[in-house]
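Biologist: Let's go through this one together, a question at a time. Shall we have a look first?

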Amino acid sequence: MVTMSLDPVQLMSGQVSELKVASSSNGNSRGLWEEKEEFDREHLGLPAKPKPVTERRTRKVEGGVFFPKPENAVTIAVSSRVLFRTEREQKVFEQKGVEEYLRYQIEHENEPFAPGPAFPFVKALETVNARLRDLYPQSEELFDIVLVTYNHAHVGIRLINTINHHNLFIERFCMTGGSSPIGYLKAWQTNLYLSADADKVREALAEGIAAATMFMSEKITEVSEYQLRVAFDGDAVLFSDESERIFKAHGLDKFFEHERENEDTLLDHGPLKGFLEVLGKLQKKFYAKGQRLDCPIRTYLVTARSAASSGIRALKTLRAWGLEIDEALFLAGAPKGPMLEKIRPHIFFDDQMFHVEGAAEMGTIAAHVPYGIAQNHNPKQNASVGK
Amino acid sequence: MCWFSFSLQKDADHAVVIAVTSRAVFGSGADDDEVYGEGLAFPLLQALQRVNEHLLMNNPAELLLFDIVLLTTDSQQQQQSPRIISSTRHYGLEVGRFCFSSEEDFVENLLKNNVQLFLSTDRNEASQATQRGVLSALLDHQTASCPSEQLKVLFFGDAVIQPDTGPTPPSRQAARSFSAQLGEMQRRFTMSDSPLSIGLVTWRGGRDSCADALHTLRSRGVRVDEAYCLAEAPWGPILSVFRPHFLLSDGFGGLEG
């Protein structure tokens, strides 16, 4: 559960709210919303009054760009199940069907959802945006967070209420009522798609969109409010799975031999290379204004490769691609959990469920990239060395 | 002048009258064959019919049905009126009324026939009808022509939100009552077996605009299935994925901008 120091109400604008997000698994607090009055008007059959902007928006973006064009922005699409916690509603859906599920959602429309696994990541993106707007007020090179959900539009009002409650800057969304949102993801040049559903993530990956599956975990350690930290596994995430294939087919010795022989051959790119690239572009905007030390974006490579041998090929590849990574951690097969616990990334991408689960056990927010050869194996069987 | 197909008459008090131009249904240009080819709005007509079929399956005594009027303003096609009627029969299209008018007085015809929605491929025609208070929608190649199991209607939300002041233009009242009837039809079905799919797209403004539009439609009894809040992002993708048969805004429906 996200700890109270990250409470978005306290973090932003000083808006006083009587509503505290309870630490139960679903933010089930009925409260004295300033919005509640409007819904009462609605229920009494009175026409809805469009509220003046100043009343509704307590956070202001002074002189900034509200709606960056998708082609200029870094588009991050998140589904409702990873941005918020919706386990209770999921259960209603699974046990009682879609009609009952929608009825339940409408009944609880004024109760905001609690933050989900992608919430800290999204908050950190907004922090970066605030810094970017300060330095480049006219630029559209910002993170554009889009809610993309298979949910039915009935849930739309509750989702919008929740976004308002948490003061998130999300102005674009798709509620597809069940059909695939892949067309929209492509049209909006989505740079990263996060969902709770592995099938949808696989579909996105197949279309060339960086994507990962996120899971709710009970333990989440505190993450930075000031610096976005993104950690990547190497093989089958930033790089292709070619080396993993060698390891799986022929074992560790063959893997090392192959890497040595091919040290000067670049690895092929993996599904998240493009995302690292756009992060780098944004980082350079801070460097250009003399903010290298104070940069609110930091990237990490956390790989089972070893620095002295197989890691060299990874570094050479990154360098050839013109990509910088702030910290590269070569674990030579040691578990990733403890290292990640020190880094505290807002998100960690790995292609192996074994590593994702191990990280989550120690409170790291981890996302699974269902790509490459590792997906054909039972995660539990990968318990040994890794690569 | 209108010819009534008596066997297909609907209850005037309860039916939802939709007029479509024959130019839209059968396409322009004369064919040498007995029967016209399928035009742009052909799948739309079939979808309307399917809704009627589903409604009647649920309740054989159902009175809330679409009543389709085929309007011919094209003088060339008017000379071929028997062919229009036989083409309709050939394709099994359930047209309740065939109306023939000139471009000057077709709106009178719409009003006389209590048309609640007018669909045309001609922007001028649609505009004229709107000015006289008839809800209209413009059909073009991006809409209408996709065959689909469901009737797909897309509300353009920027126009759905209404200002408090000023008199309500007649076309807006027409829009309200038409959408209320759609909502009524939806309520005859559950989520999983509905022959109607209703979407909402808002372009200007952010999530608050979309929330307002959702509330407004809900207050009219309309159940929105899919919602897209674009905040000025390109909406071509929405059209090509949702594939609406027609787009409705509060008054003039059409693909503006």
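Biologist: Before we go on, what pLDDT do local features need here?
Modeller: Residues are numbered from 1 along each chain as its sequence is written, chains are lettered from A and ligands numbered from 1 in the order in which they are written, and side-chain values use heavy atoms, with hydrogens and water left out. This is a predicted model, where totals for chains, interfaces and linings use all residues, side-chain atom pairs count only at pLDDT 80 or more, and local features need pLDDT of at least 70.

Biologist: Back to that glutamate: which side chain meets Glu87(A) in a salt bridge?
Modeller: A salt bridge here is a side-chain nitrogen of Lys or Arg within 4 Å of a carboxyl oxygen of Asp or Glu. Glu87(A) has such a pairing at 2.6 Å, N to O. The name you want is Arg85(A).

Biologist: How many residues apart in sequence are the parts that Lys316(A) and Asp264(A) tie together?
Modeller: The closest N and O atoms of this salt bridge are 2.7 Å apart. Lys316(A) lies in helix α14 (residues 310–320) of chain A, and Asp264(A) in the loop between α12 (252–261) and α13 (273–287); helices (H or I, at least four residues) and strands (E, at least two) are DSSP runs, numbered from the N terminus. Lys316(A) is partly exposed at 30% relative accessibility, while Asp264(A) is exposed at 66%.

Biologist: Over in chain B, which residue meets Glu108(B) in a salt bridge?
Modeller: Glu108(B) sits in helix α5, and its partner is 24 residues away, in the loop between α6 (123–131) and β6 (136–138) of chain B. Glu108(B) is partly exposed, with a relative accessible area of 38%. The N to O distance is 2.8 Å, and the partner is Arg132(B).

Biologist: Leaving aside neighbours within four places in sequence, which residues is Leu111(B) in contact with?
Modeller: Leu111(B) is in helix α5 (residues 106–112) of chain B. Its relative accessible area is 37%, so Leu111(B) counts as partly exposed. Contact means heavy atoms within 4.5 Å. With those neighbours set aside, the list is Arg132(B) and Val134(B).

Biologist: What phi does Asn114(B) have?
Modeller: Asn114(B) is in the loop between α5 and β5 (117–120) of chain B. Its phi is positive even though the residue is not a glycine, at about 55°.

Biologist: And what about the phi of Arg243(B)?
Modeller: Arg243(B) lies in the loop between α10 and β10 (246–248) of chain B. It is partly exposed, given a relative accessibility of 32%. Again this is no glycine, yet phi is positive, at about 50°.

Biologist: Now the interface: what area do chain B and chain A bury between them?
Modeller: The size of an interface is often given as the accessible area lost when the parts come together. Here that means the accessible area (1.4 Å probe) that two parts lose on being put together, summed over both. In residue terms, 31 residues of chain B are in contact with 39 of chain A. With 57% of it on carbon and sulfur atoms, the buried area is about 3,000 Å².

Biologist: Which side chain of chain A does Arg218(B) meet in a salt bridge?
Modeller: Side chains of opposite charge can pair when their charged atoms come close. Between chain B and chain A the count is two salt bridges. For Arg218(B) the N to O distance is 2.7 Å, and the partner is Glu109(A).

Biologist: Which element gives the largest share of the side of chain B that touches chain A?
Modeller: The elements that give two or more residues are α9 (207–219), β9 (226–229) and α10 (236–242) of chain B. The largest share, nine residues, comes from α9(B).

Biologist: Last one: which residue in β9(B) does Cys174(A) stand opposite?
Modeller: Two strands pair if DSSP finds at least two bridges between them. Strand β5 (residues 172–175) of chain A and β9(B) run antiparallel, joined by three bridges. Opposite Cys174(A) stands Tyr228(B).

Note on methods:
Buried means under 20% relative accessible area, exposed over 50%, partly exposed in between (1.4 Å probe, protein chains only).
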